[in-house]
Amino acid sequence: MRIVRIAERVPHQGVIRLHHLTDLHAGAPDFAEAEFLERRALIEADPWARWTMGGDGGDLIRHSDPRYELTSLHPRYRQATDIRYTTREHLVELFQPIKDKCWGWADGNHERQLDKFYGGKFGVEVCCDLGLESRYLGYRGFAAVSVTVGQRDAHMGLLIDLQHGWQAGRLKGAFLVQAERELGMTDADVVLRGHNHQPAGRVFATLGVTHPGRGPGRVVKRMRTVINGGSWRAGYRDDLAPVDPSRLGEVEGDLWSETKGYRLEPIGGPVLILRFDQGYTSRRGYRPCGVEHTLVEGRIDAQNLGLKTT
Ligand SMILES: [Fe+2]
C-alpha cells in the first residue's frame, strides 16, 4: 500500500470541499459526460475544492474482451483501434483542468482486468500523463493530509483511506452495515469507496480525548465519514433511435444496468465539506480544535455547496 502525503493551509474555520469521483467508466455508452463536466466546472471554480479518484475511470472493454460487443462502446470509441490509448487520452482530457486539486488516485477492477489480460499499468500511465504520479495509490492506499490552520498554526491531520471497494449488496441498508465495518477496519477519518455504483455517505461522530497522554485532556468528538462515490454511468437510456433494417449494426444494445436489473441511481456522489477549527478558550468557554464534517447529497451545485453564485 502507498501513502500519499499532502500539506494544506486553511484559515481558521476555513473549509475544504472534497469530491470523491469514482467509476466514470469513460468509453461506456452511458458515461454521463455532460454531468461530469458540470461537476468538474464546480471543482475548477472553487479554490477550496479537492478531489479523489476511486477507480474504474475507464470502462476499458477491448475488442478481444469476452464482454465486448460494438454497442458496449460509446460512439466516440467505436472507430478506435486502441481502446487503451483512446481511454487514456479521454481521461487526461477530463481531468487536466483540475489536476492540481487531486488528493489521491486509485485503480478499480476495470483497470486491473485490463492490466491482467493486456499488460501495462493503466492507472499509473494516466497519472503520469497528468503529472499526478505522486498521487497514485494503487488499488488501496492512504492520503495523509496535514492541514495547517489559522494564524496560530494549529496542525491537524486528516487521514483518508481510499479503495475502489467491492460489492456490498444491493439493498440501501447494506451501505450502513458496510460503513460501520469499514470504520472498524481502518483508523482513517474519511473512508472513500466505489465499485457498486450506489452513491451514499454517512458522517459518524466518535468519542476521543484531546492530547491523549498529555495533561488531563477533554472529551471531544472525532468525526469520521464513509462515502461511496456512486458512478457517472447513467445506467438507463430513454427513447433510442428507431430500428433501421438497413443499418442493423447501429442498433443500440442493452446497458449493463438494464441487463442486471440494477436500480436507477443519481449520477455522481456526495461532497464532504470539512471545516477546520483551530480551537479557542474565551469567556464563552473552551472549544477544542477539530474538523467538522458535513455531507452534501442529492443535487450538487454551487448553491448547495455554499459557493457564491453570480
Ligand atoms: Fe465501476
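In what order do the six strands of the open sheet that contains β5 and β14 follow one another? Let me answer that and then walk through the rest of the chain. What you have above is a predicted model, in which local features need pLDDT of at least 70 and side-chain atom pairs count only at pLDDT 80 or more, while totals for chains, interfaces and linings use all residues. Residues are numbered from 1 along each chain as its sequence is written.

The order is β5-β4-β3-β2-β11-β14, and the pairing in this open sheet is mixed. When I say strand or helix, I mean a DSSP run numbered from the N terminus, with at least two residues (E) for a strand and at least four (H or I) for a helix; two strands pair if DSSP finds at least two bridges between them. The edges are held by β5 (136–138) and β14 (290–296), and because each has a single partner strand, one side of each is left without a neighbour in the sheet. From one strand to the next, the twist averages 25 degrees, where axes are lines fitted to C-alpha atoms, for helices over the stretch in contact, and angles run from 0 to 180 degrees between N-to-C directions. Within this sheet, β2 (residues 14–21) and β11 (residues 271–277) run antiparallel and are joined by six bridges, and Gly-14 has Phe-276 in β11 as its bridge partner.

Now to another open sheet, also of six strands and mixed in its pairing, which runs β1-β6-β7-β8-β10-β9. Here β1 (2–10) and β9 (200–209) stand at the edges with a single partner strand each, so one side of each has no neighbour in the sheet. The twist in this case averages 20 degrees from one strand to the next. Strands β7 (residues 154–163) and β8 (residues 190–193) pair in the parallel sense over three bridges, with Asp-161 standing opposite Val-191 in β8. Helix α6 (residues 172–185) packs on this sheet, where it touches β8, β9 and β10 (219–228), and its direction makes about 125 degrees with that of β10; contact here requires C-beta atoms, placed from the backbone, to lie within 7 Å.

Let me turn to the interior. A residue is called buried if 20 or more other C-beta atoms lie within 10 Å of its own, exposed if 12 or fewer, and partly exposed in between, with the C-beta atoms placed from the backbone. By that count, 38% of the 310 residues of the protein chain are buried. A nonpolar core is a set of buried Ala, Val, Leu, Ile, Met, Phe, Trp, Tyr and Cys residues joined through C-beta atoms within 7 Å, and the largest one has 59 residues, of which Trp-105, Ala-143, Leu-158, Ile-160, Val-190 and Leu-274 touch the most other members. Strand β6 (residues 140–149) gives the most to this core, with five residues.

Val-145 lies in strand β6 and is buried, with 23 other C-beta atoms within 10 Å. Leaving aside residues up to four places away in sequence, Val-145 touches Ile-6, Glu-8, Trp-103, Leu-158 and Ile-160.

Helix α5 (residues 122–130) has Phe-122, Gly-123, Val-126, Cys-127 and Leu-130 buried. Seen down the axis of α5, these buried residues fall within an arc of 135 degrees, so they line one face of the helix, the arc being that of the directions from the helix axis to the C-beta atoms. Among the elements that cover them are α3 (83–95), β4 (102–106), α4 (109–118) and β5. Just after α5, Gly-131 takes a positive phi of about 75 degrees.

Asp-153, in the loop between β6 and β7, has phi near 55 degrees, and it counts as exposed because it has 9 C-beta neighbours inside 10 Å. Asp-239, in the loop between β10 and α7 (256–260), has a positive phi of about 60 degrees, and with 5 C-beta neighbours inside 10 Å it also counts as exposed.

To finish with the whole chain, the secondary structure comes to seven helices and 14 strands, and the C-alpha trace spans about 80 × 40 × 35 Å along its principal axes.

Note on methods. Two residues are in contact if their C-beta atoms, placed from the backbone, lie within 7 Å.
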